[in-house]
Amino acid sequence: MRIRHVVIPAAIIALLLTGCSSSPEPTSTEEASGVGTCVDTSSGAASKSVTVEGEAGSEPTATFDTPLDVDTTERTVISEGDGDETAHGDWAGIEITLYNATTGEKVQSSSYAGGPMQVKIADDALIPALVRAIECVPTGSRVVSVSPAADAWGEQGSSDGAVGPGDAVVIIADIVSITPLAATGEPQEVDPAFPSVALDDSGTPTVTLPDAEAPTAFELGVLKKGDGATVEDGDSVTVQYQGVNWRTGKVFDQSWGDGPAQFGTGDVIAGFTKALVGQTVGSQVIAVIPPTDGYGAKGNDSAGITGTDTLVFVVDILAASR
């Protein structure tokens with residue numbers, strides 16, 4: 001059971017997600033890469049031929065002769081950052097602009113405002129063309145890549161029709177940051193009446209409930225205080241979380257072990273929204289959520305939650321964008 005609905009944070013991400021594309025057959029480069037291992041994506045005549053105007057962090061404009069095609073993905077680093085290098089399997093914050101390399105038309109662009117999009121750099125999460133563009137690159141870099149249809153949408157084309165069957169693609173990507181998998185903020189003092197939280201080496205929490213009646217009103221404690229952007233209502237957030245039922249003391253839902261979850265602040269139960277909005281990225285919070293801010297009188301049968309159950313969530317706020 002998940003505390004969220006399945007939502008799409010941005011149209012461009014919907015297009016580039018493997019599950020939302022036309023799912024081309026795996027390529028040799030896709031099969032070659034595993035967690036922590038990057039494919040050697042070299043610069044070539046095609047990627048060097050693309051002229052990119054605009055500063056990193058702002059929306060670029062690309063010009064190139066059409067049709068532009070390649071046999072394998074090529075990548076040229078336009079400006080190299082001095083941050084840590086991304087690895088296959090990392091979560092990263094990126095900004096991207098996508099062109100149809102056959103027609104020269106711009107397909108889509110991210111907002112370049114309000115925080116970068118968060119993606120997992122993995123072949124089971126994104127089309128190989130985007131993975132090849134952003135893996136094993138220092139953060140702060142801007143790159144341009146040219147990928148054949150086999151690394152994009154193959155002979156089917158993209159689901160929105162903007163990239164036709166057999167069309168190659170051009171991607172300009174800004175690799176903004178590597179997203180931590182746990183909260184990085186400074187530990188804070190919390191009311192001892194709150195449930196206690198112990199963390200293992202990976203950051204996974206274990207919640208110990210006090211021997212007391214469950215609170216009847218929403219309560220929030222800050223376990224770690226991050227120094228990132230403040231989450232606003234309507235933001236898309238990337239988090240790790242664990243939910244515990246006060247009545248049973250058992251975990252009924254968590255992202256730990258599966259990887260971060262992404263959703264809009266308006267797409268979750270009211271108590272979860274209250275726990276997020278107004279907090280800063282990098283923070284870890286603990287929220288005590290009564291039924292009125294949770295699943296209400298109906299509860300949630302699939303999670304074993306009754307209409308009178310109070311819930312406890314520990315949430316690591318990893319990123320936010322709008």
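## A tour of rings, a disulfide and a hairpin

Start by selecting Phe-272, which has 1% relative accessibility and so counts as buried. The model on screen is predicted, and every value in this tour is computed from it.

**The hairpin.** Pick Gly-243 and look across to β14, where its bridge partner is Asp-253. Then move to the turn: the hairpin has 5 residues between the strands, and Gly-249 has a positive phi near 75°.

**A charge over a ring.** Go next to Phe-218 and Lys-274. Lys-274 lies over the face of the Phe-218 ring, at 5.4 Å from the ring centre.

**A second ring pair.** The count for the structure is 6 aromatic pairs. For another of them, select Phe-64 and Tyr-99: with centres 6.0 Å apart and planes at 85°, the rings are edge-to-face, because planes over 60 degrees apart are classed that way. Phe-64 sits in the loop between β2 (61-63) and β3 (74-79), while Tyr-99 is in strand β4 (residues 91-100), so the pair links distant parts of the chain, 35 residues apart. Phe-64 and Tyr-99 are both buried.

**The disulfide.** How many disulfides does a search of the whole structure find? The search returns 1. Select Cys-38 and Cys-136, which it joins with an S to S distance of 1.8 Å. The torsion about their S-S bond is about 90°, so the disulfide is right-handed. Cys-38 is in the loop between α2 (28-32) and α3 (45-48), and Cys-136 is in the loop between α4 (128-134) and β7 (141-147); the two cysteines are 98 residues apart.

End on Cys-136: is this residue buried or partly exposed? Its relative accessible area is 24%, so Cys-136 is partly exposed.

Technical notes: Residues are numbered from 1 along each chain as its sequence is written. This is a predicted model: local features need pLDDT of at least 70, side-chain atom pairs count only at pLDDT 80 or more; totals for chains, interfaces and linings use all residues. Side-chain values use heavy atoms; hydrogens and water are left out. Rings of Phe, Tyr and Trp (its six-membered ring) pair if their centres lie within 6.5 Å; planes under 30 degrees apart count as stacked, over 60 as edge-to-face and the rest as tilted. Helices (H or I, at least four residues) and strands (E, at least two) are DSSP runs, numbered from the N terminus. Buried means under 20% relative accessible area, exposed over 50%, partly exposed in between (1.4 Å probe, protein chains only). A charge sits over a ring if NZ of Lys or CZ of Arg is within 6 Å of the ring centre and within 35 degrees of the ring normal. A disulfide is a pair of cysteine sulfur atoms within 2.5 Å. Two strands pair if DSSP finds at least two bridges between them.
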